[in-house]
Amino acid sequence: MTLEARHVLEFPGGYTRTTGPVIGRFLTELRDGRLVGVRTAGGRTLVPPLEYDPDTGDAVTGDFVEVGPAGTVESWSWVHAPRAGHPLDRPFAWALIRLDGADTSLVHAVDAGDVKAMRPGLRVRPRWRAERTGQITDIESFVPEVTKIVSPVRTEYVLKPGLALARFLEGVAAGVLVGCRCGSCHKVYVPYRLSCPECGVAITEEVEVPDTGTITTFAINNLPDPRAPEVPFVSAYVLLDGSDVPMITLVAGIAAHEVRQGMRVRAVWVPEEERTASMTNIKWFAPTGEPDAEL
Ligand SMILES: [Zn+2]
């Protein structure tokens, strides 16, 4: 199970509810070979779109903007032995991809051929299916962009998230969640990033945040997934204590129907000897038993 792959579980095939207008629009555009995000009142572009701004809980605006189709790999988890139901029948990566123009990332398969081809900052583009039906699988996978010439500006652009991610994963390997605090607006972001998405200023202050937090929103998923402990399972946005932006994760250790907004949870880490520099170190979040928090 990886954090990256959890985003895949956000797609509506796994939801118990019907497709609302926001996700419906996303899927309709997919069928037509376009990728769109939805704008929040704060001006961020969510891809895949959500009906509510994870930062504020407010309904998103009705503004859709075309994004991508190319994007940048932020992190990934290599699948050596694909299973039935995986998008590819050969080794591939589940990758967290930030599409150009988007402020959030989605997870999709990257058909890179070899794990050595994967790196933070890798530029990828969608490989569309000829026949599309309005599902996330209308994109068979993403494939690396062929870029023989890399301009200095582009180099700068792709290196920055890579460094921040490396710093974050270094912490995760040590069982620590490393975030950062913007010197201008004082918001704390986890994972660690090098610039503030609100102010655009460079961030230099590193902060450790605890592995406890509060569920802000969640979805119950009914499609089996090798990373999930059972079906149905819950994917949720968890606002870590001391941070200002929720992160997406699995929630387990509780029946899906008992999960609620405001529930206090803690990361469940894999045993120390099994840890690597990846998000697979956190299996999921489980209830702490504390009283619910006010959101
Ligand atoms: Zn800021």
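R25 is partly exposed, with a relative accessible area of 35%, where buried stands for under 20% relative accessible area, exposed for over 50% and partly exposed for what lies in between, taken with a 1.4 Å probe on protein chains only. The model is a predicted one, in which local features need pLDDT of at least 70 and side-chain atom pairs count only at pLDDT 80 or more, while totals for chains, interfaces and linings use all residues. Residues are numbered from 1 along each chain as its sequence is written, and side-chain values use heavy atoms, with hydrogens and water left out.

The side chain of R25 meets that of E29 in a salt bridge of 2.8 Å, N to O, a salt bridge being a side-chain nitrogen of Lys or Arg within 4 Å of a carboxyl oxygen of Asp or Glu. Both residues lie in helix α2, four residues apart, about one turn of the helix; helices (H or I, at least four residues) and strands (E, at least two) are DSSP runs numbered from the N terminus. Helix α2 covers residues 21-31, and its buried residues are V22, I23, G24, F26, L27, E29 and L30. Their cover includes β1 (36-39), β3, β7 (123-128) and β8 (139-144), on the basis of contact, meaning heavy atoms within 4.5 Å. After α2 comes G33, with a positive phi near 80 degrees.

A further salt bridge joins the side chains of R31 and D32 at 3.7 Å, N to O, and here R31 is partly exposed at 40% relative accessibility, as is D32 with a relative accessible area of 38%. Salt bridges link R25, E29, R31, D32 and R34 in a network. The whole structure holds 18 salt bridges, and one of them pairs R264 with E290 at 3.2 Å, N to O. This pair links distant parts of the chain, since R264 is in strand β15 (residues 264-269) and E290 in the segment after β16 (282-287), 26 residues apart. R264 is buried, with a relative accessible area of 11%, whereas E290 is partly exposed at 37%.

D53, in the loop between β2 (45-46) and β3 (64-66), is buried yet has no salt bridge, and R44, the nearest side chain of opposite charge, is 4.9 Å away. For charge, Lys and Arg count as positive and Asp and Glu as negative, while His and the chain ends are not counted. Leaving aside neighbours within four places in sequence, D53 is in contact with T40, L46, D58 and V60.

The zinc ion is coordinated at 2.3 Å by the SG atoms of C182, C185, C196 and C199; donors are N, O and S atoms within 2.8 Å of the metal (3.2 Å for Na, K and Ca), and sites may look incomplete because water is not among the atoms. The angles subtended by the four donor atoms run from 105 to 117 degrees, so the arrangement is tetrahedral, a label that requires all angles of four donors to lie between 85 and 135 degrees. The donor residues are spaced C-x2-C-x10-C-x2-C in sequence. Because C182 lies in the loop between β9 (177-181) and β10 (188-189) and C199 in the loop between β10 and β11 (205-209), the pair ties together parts that are 17 residues apart in sequence. C182 is buried, with a relative accessible area of 0%, whereas C199 is partly exposed at 33%.

Conventions:
Four donors count as tetrahedral if all angles lie between 85 and 135 degrees; four count as square planar and six as octahedral if opposite donors are over 155 degrees apart and all others between 65 and 115; anything else is irregular.
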